[in-house]
Amino acid sequence: MKKSTRILHAGRKPEQFHGAVNPPVYHASTILHSSVAAMEKSGKTPFEGVRYGRFGTPTTFALEEAVAELEGGHRTVATSSGLAAITGALLAFLKAGDHLLMVDTAYFPTRKFCDTVLSGLGIETTYYDPLAGAGIKALMKPNTRVVFTESPGSLTFEVQDIPAMAEAAHAGGAIVMMDNTWGVLHFQPFTKGVDISIQAATKYIVGHADAMLGTITAATPELWLTVKTSLATFGASPGTEEMYLGLRGLRTLPVRLRQHAETAMRLTTWLETRPEVDRVLYPPLPSDPGHELWKRDFTGGCGLFGVILKPTAKAAVDAMLDGYSHFKLGFSWGGFESLVIPTSGHSIIRTATAWAPAGPSLRFHAGLEDTDDLLEDLERGFERLACAAS
């Protein structure tokens, strides 16, 4: 079956639920056992079947099965947010005395976690150039346990050479984790050497800006058991309503993502022609420095992209952003709504590589509104920019 067909059916077992198309929402904590013997038996395999609400319900398992199918992994563990998936995965494989290689474009809360919690636990983090590729080998230490990647990078959209990095990491005895939220459907991590794939399912999987959710998918049974055991020990347990919303969103992911990407391509192509724009950050564009790697490793795009303006005053940029009708100011992305945030200044922190754009930088998410309406919104924004700058 093609992927879009598999997504519609993955995790669904109508025959177990009286023919219902969707798995029901299970509200459960206590699970009853028929006998002491049955209770003791379930304790020997705590992560198989329904044993206790914190370990998961049939609703949880349906989403986890579907996401594993989506990414081509062994099994998935659901978490309460994308950040919880990142931190949970890191804590599952790192201990005091270990070394972590973290991409310099990391999501800001990930960087904060490394610099505070991991540092406090005696775990060293080295930030590396996202374009290092096979050169990551030079940064490996005997105690390097994890190489964390994200492609394209948060806010600045560098595309990483994941296969080359995975080969170098594995040769040094480390596992490779990847934040695959941007690639969601169009990057198959386990065919590229990734061991642990992480997604902020809040974004495109949920798709409706109404639930917080994260996923950790493992390449092998051993890796999955390490993740599951660690998260269960911490008591991590996403809500069953969120599981249901993730399943609902997942079913329409291919068609939504296709529209997001089509709109983003029209918008970015138009933005490249604007005199106010210095550069557009979107790997599917042929002009993007990461385009060749993107074309090699990805099968499509999404709605998230960046824009670097030519030098102009902050007040003029604020006037442009404040007046948008459709591009609302808001964090996150992946929902049906269009969004924009300024990313200049404190939003982008680099310690291993320099980031010095020509002018103010922005991040856009192209939603599901009519593309002509979005283009008109951008056009009027540039008119406000010019007026405020004059």
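Me: Buried means under 20% relative accessible area, exposed means over 50%, and partly exposed lies in between, using a 1.4 Å probe and protein chains only. How many of the five residues of strand β2 are buried?

Reply: This is a predicted model, where local features need pLDDT of at least 70 and side-chain atom pairs count only at pLDDT 80 or more, while totals for chains, interfaces and linings use all residues. Residues are numbered from 1 along each chain as its sequence is written, and side-chain values use heavy atoms, leaving out hydrogens and water. Strands (E, at least two residues) and helices (H or I, at least four residues) are DSSP runs, numbered from the N terminus. Strand β2 (residues 99-103) is largely enclosed by the rest of the structure, because its buried residues number five of the five.

Me: Which residue in β3 is the bridge partner of V103?

Reply: Strands pair if DSSP finds at least two bridges between them, and β2 and β3 (residues 124-128) pair in the parallel sense over five bridges. For V103, the partner in β3 is Y128.

Me: Through which helix does the chain cross from β2 to β3?

Reply: This β-α-β crossover is right-handed, meaning that with the strands pointing away from the viewer, the path from the first strand over the helix to the second runs clockwise. The helix spans residues 108-120 and is called α5.

Me: Which residues touch the most other members of the largest nonpolar core?

Reply: A nonpolar core is a set of buried Ala, Val, Leu, Ile, Met, Phe, Trp, Tyr and Cys residues joined through side-chain atoms within 4.5 Å. The largest one here has 105 residues. Beyond its neighbours within four places in sequence, L90 is in contact (heavy atoms within 4.5 Å) with several residues, including F113 and F148. The residues touching the most other members are L90, M177 and I196.

Me: Is F157 buried or exposed?

Reply: Most residues other than glycine have a negative phi. F157 has a positive phi of about 65 degrees, and its place is in the loop between β4 and α6. Its relative accessibility is 2%, so F157 counts as buried.
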